[in-house]
Amino acid sequence: MMFTAMSDGSFHLNGRATRCALGKTGVIDAGLKREGDGKSPLGAWTIRRVLYRPDKGERPKTQLPTRALERDDGWCDAPGDPAYNRAVKLPHPASAEHMWREDDVYDLVCILAHNDDPPVSPLGSAIFLHLAKPDYSPTEGCIALSRPDMLELLSLAQIGDAVEIKQV
């Protein structure tokens, strides 16, 4: 199944349109994506696995591989670091995003297959499908959904399914 995020902020989920947040500076062809540009990469990205905060809810009902987040989980966003665009444990000697966040957006996170096989520096890291802030404010390049929409997506998703970002 393909779940589709449109550049206008709409998201196609199970035959209906809902809302999503995308990058604060819009979308860009994946080949032009660069670390820190605030853009969401156009293309289809397989959902690799799901991470969840065990203190914020149960393991989501899904056929996708899941793992509970731990307080020292991070994601390397330092171009040139050998762990670029990979999960790391914190503290990490290079720049890394904290996955255990206080703003709830990473309470449920789908790791997407953007720039990961193998990662190429600096073509973008940490492109996730995660929870939206209440006002759907733009992301740093990710796709963000409401919790109910994310849970619905996870209940439908099968191994090999993907999220596509398309230009309107």
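The model is predicted, so local features are described only where pLDDT is at least 70 and side-chain atom pairs only at pLDDT 80 or more, while totals for chains, interfaces and linings use all residues. Residues are numbered from 1 along each chain as its sequence is written, and side-chain values use heavy atoms, with hydrogens and water left out.

Select residues 2-6 and then 10-13, which are strands β1 and β2, running antiparallel and joined by two bridges; strands here are DSSP runs of E with at least two residues, helices are runs of H or I with at least four, and both are numbered from the N terminus. Two strands count as paired if DSSP finds at least two bridges between them. Within this pair, Thr 4 stands opposite His 12 of β2, and in the hairpin, which has three residues between the strands, Gly 9 takes a positive phi near 90°.

**Salt bridges**

The structure holds 15 salt bridges, each defined as a side-chain nitrogen of Lys or Arg within 4 Å of a carboxyl oxygen of Asp or Glu. Begin with Lys 24 and Glu 140, whose closest N and O atoms are 3.1 Å apart. Lys 24 lies in the loop between β3 and β4 and Glu 140 in the loop between β11 and β12, so the pair ties together parts that are 116 residues apart in sequence. Glu 140 is exposed, at 54% relative accessible area, where exposed means over 50%, buried under 20% and partly exposed in between, with a 1.4 Å probe and protein chains only.

Now select Asp 72 and Lys 89, which meet in a salt bridge of 3.0 Å, N to O. Asp 72 sits in the loop between β6 and β7 and Lys 89 in strand β8, 17 residues apart; Asp 72 is partly exposed at 31%, as is Lys 89 at 39%. Extending the selection to Arg 67, Glu 70 and Asp 73 shows the network of salt bridges that links them with Asp 72 and Lys 89.

Finish at Arg 147 and Asp 107, a salt bridge of 3.4 Å, N to O. This pair links helix α1, which holds Arg 147, to the loop between β9 and β10, which holds Asp 107, 40 residues apart. Arg 147 is partly exposed at 34%, whereas Asp 107 is buried at 3%.
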